[in-house]
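Student: I would like to go through a structure by asking about its parts in turn. Can we begin with the packing of helices?

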Amino acid sequence: MEVAVPARGARGRGRAGSPAGGHREKSPPERKVYMDHNATTPLESEVIQAVTEAMREAWGNPSSPYPAGRKAKDIIAASREALARMLGGKPQDIVFTSGGTESNNLVIHSVVKHFQDTQAPKGDVGEQQSPREGARPHIITCTVEHDSIRLPLEHLVEEQVAEVTFVPVSKVSGQAEVEDIMAAVRPATCLVTVMLANNETGVVMPISEISQRVKALNQKRAASGLPRVLLHTDAAQVVGKRRLDVEELGVDFLTIVGHKFYGPRIGALYIRGLGKLTPLYPMLFGGGQERNFRPGTENTPMIAGLGKVSLATPQPQRWWTRLRESMFRTPERADKGSPDCLHGLETRLEISQAAELVTENCEAYEAHMRDVRDYLEDRLEAEFGRKRIHLNSRFPGAERLPNTCNVSIRGPQLQGYQVLAQCRMLLASVGAACHSDHGDQPSPVLLSCGVPFDVARNALRLSVGRSTTRADVDLAVQDLKQAVARLEGQA
């Protein structure tokens, strides 16, 4: 029996017929419109190629001296440099991890361990007393953080290992306000961790302002013998959507997640002055890889993909052709060039040229997604009426990601998960993917931001991507309109 495989971008909805003779015709696949890029993004073709070639050609252990091992080691080094260049940091300050959850947990574990090592009183352990009020390490975060921050912090509180202040976000701006963060600082405060942009509302947090205040505070704390306050931001939702510079942000730690920007499911952690200015303590112990900070044989193919996506642009074929032309003079010759040089990106020249091309196109990425997102919101208001649409991610005076629209369609029967269940083309979510099993419970993030209960329960998170078009928006809005009509008994 022959099975038809849906083609990407195909339109139409049909049924396979059974004509005389018993032969079944292939039915046209139904068009799908993907608007869940904040949950995960599809792999760029160049990333798939990089991962595949690393599996085939760099299968050796990166710690081994023979060619396949050396090639793996070279790819890892090149990927580390590519990632650092994308962030405006240094390669030696990058540690590869399994993903954002591990990176976030590693930061929290490290800061708590550092506080315990440096602030514990000397002498007989059995007679130790608190060197100051609040002997346990104190951490500040906000109420809209990802579970990979919130849950480990709650666990530390339950185990009485640390104390945590969850600062409410402003119901006016949707942001964690700088003054509120600073007001929560105590003598034992050792970490402030605030996401760079929220994954549900897209609201961008004032990390640069927080870092400036923390830096000034640390100068005073040093004179008083108080522990330095370190600053961490989870940048999972920002990388690849807008320009990012760790020097401008002024953070000590920054979390990177590959699958949020067209890369593989692997992550990395930026640590300013790793081991010198900023402490990092391993959670695992083993063979000493990643300079003992994250031991375990490196996942070379995924690291190769992460390095490649760090150099990707919205129009990969265009910049790839330019890169090949600059290296080999003609695209034809590039196709016959050295695979080690071309695809491994193992020379500084390649990395530098590709990074410059990324810089040229960064604004184009952002502008395209913002245009499509704004068009989406306009179309929703036009189709349903402004009084019926509540844009949950619009906060006066607050920046937000260019691709994120969190919207509720008012109505007693229009809970977000029910609307999506009726959609035939639209692929989206009601909020964070890790909360997809919460049914009709409204998002705690939206409630924290002041969105009313009945409105938050109807929320849809529509996050567009680099390839999303206005035509996709038209299809998605019509699909939503028909889904609402079905739920309300009008179809």
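Student: At what angle do helix α3 and helix α4 pack?

Tutor: This is a predicted model, in which local features need pLDDT of at least 70 and side-chain atom pairs count only at pLDDT 80 or more, while totals for chains, interfaces and linings use all residues. Residues are numbered from 1 along each chain as its sequence is written, and side-chain values use heavy atoms, with hydrogens and water left out. Axes are lines fitted to C-alpha atoms, for helices over the stretch in contact, and angles run from 0 to 180 degrees between N-to-C directions. The axes of α3 (residues 100–119) and α4 (residues 147–158) are 9 Å apart, and the angle is about 35 degrees.

Student: Which residues of α4 meet α3, and how many of the residues in the contact are charged?

Tutor: Contact means heavy atoms within 4.5 Å. From α3 come Thr101, Asn104, Asn105, Ile108 and Val112, and they meet Ser148, Ile149, Pro152, Leu153 and Leu156 of α4. For the classes, Ala, Val, Leu, Ile, Met, Phe, Trp, Tyr, Cys and Pro count as nonpolar, Asp, Glu, Lys and Arg as charged, and the others, Gly among them, as polar. By that scheme the contact has six nonpolar and four polar residues, and the number of charged ones is none.

Student: What is the hand of the crossing of α2 and α8?

Tutor: Helix α2 (residues 67–87) packs on α8 at about 35 degrees, with the axes 8 Å apart. A crossing is left-handed if the near helix is turned anticlockwise from the far one by less than a right angle, and right-handed if clockwise. For α2 and α8 the crossing is left-handed.

Student: Which residues of α8 make the contact with α2?

Tutor: On the α2 side are Ala72, Ile75, Ile76, Ser79, Ala82 and Leu83. By class, the contact of α2 with α8 has eight nonpolar, three polar and no charged residues. The α8 residues are Thr300, Ile303, Ala304, Leu306 and Gly307.

Student: Are α1 and α8 roughly parallel or roughly antiparallel?

Tutor: The axes of α1 (residues 45–57) and α8 (residues 300–309) come within 8 Å and cross at roughly 150 degrees. Angles under 35 degrees count as roughly parallel, over 145 as roughly antiparallel, 65 to 115 as roughly perpendicular and the rest as oblique. The two helices are therefore roughly antiparallel.

Student: How many charged residues are in the contact of α1 with α8?

Tutor: Glu46, Val47, Ala50, Val51, Ala54 and Met55 of α1 meet Thr300, Pro301, Met302, Ala304, Gly305, Lys308 and Val309 of α8. Nine of the residues in this contact are nonpolar and two are polar, and the number of charged ones is two.

Student: Is threonine 404 buried or exposed?

Tutor: Threonine 404 lies in strand β10 (residues 404–409); helices (H or I, at least four residues) and strands (E, at least two) are DSSP runs, numbered from the N terminus. Buried means under 20% relative accessible area, exposed over 50%, partly exposed in between (1.4 Å probe, protein chains only). The relative accessible area of threonine 404 is 0%, so this residue is buried.

Student: How far apart are the C-alpha atoms of threonine 404 and serine 463?

Tutor: Not counting residues up to four places away in sequence, threonine 404 touches several residues, including Asn38, Glu200, Arg373 and Leu462. Serine 463 is 59 residues from threonine 404 along the chain, and their C-alpha atoms are separated by 4.6 Å.

Student: Where is arginine 291, which has a positive phi?

Tutor: Its phi is about 55 degrees, although arginine 291 is not a glycine. At 38% relative accessibility, arginine 291 is partly exposed. Its place is the loop between β8 (267–271) and α8.

Student: How far is asparagine 292 from proline 282 in space?

Tutor: Asparagine 292 is also in the loop between β8 and α8, and its phi is positive, about 75 degrees. Asparagine 292 and proline 282 are ten residues apart in sequence, and the C-alpha to C-alpha distance is 7.1 Å.
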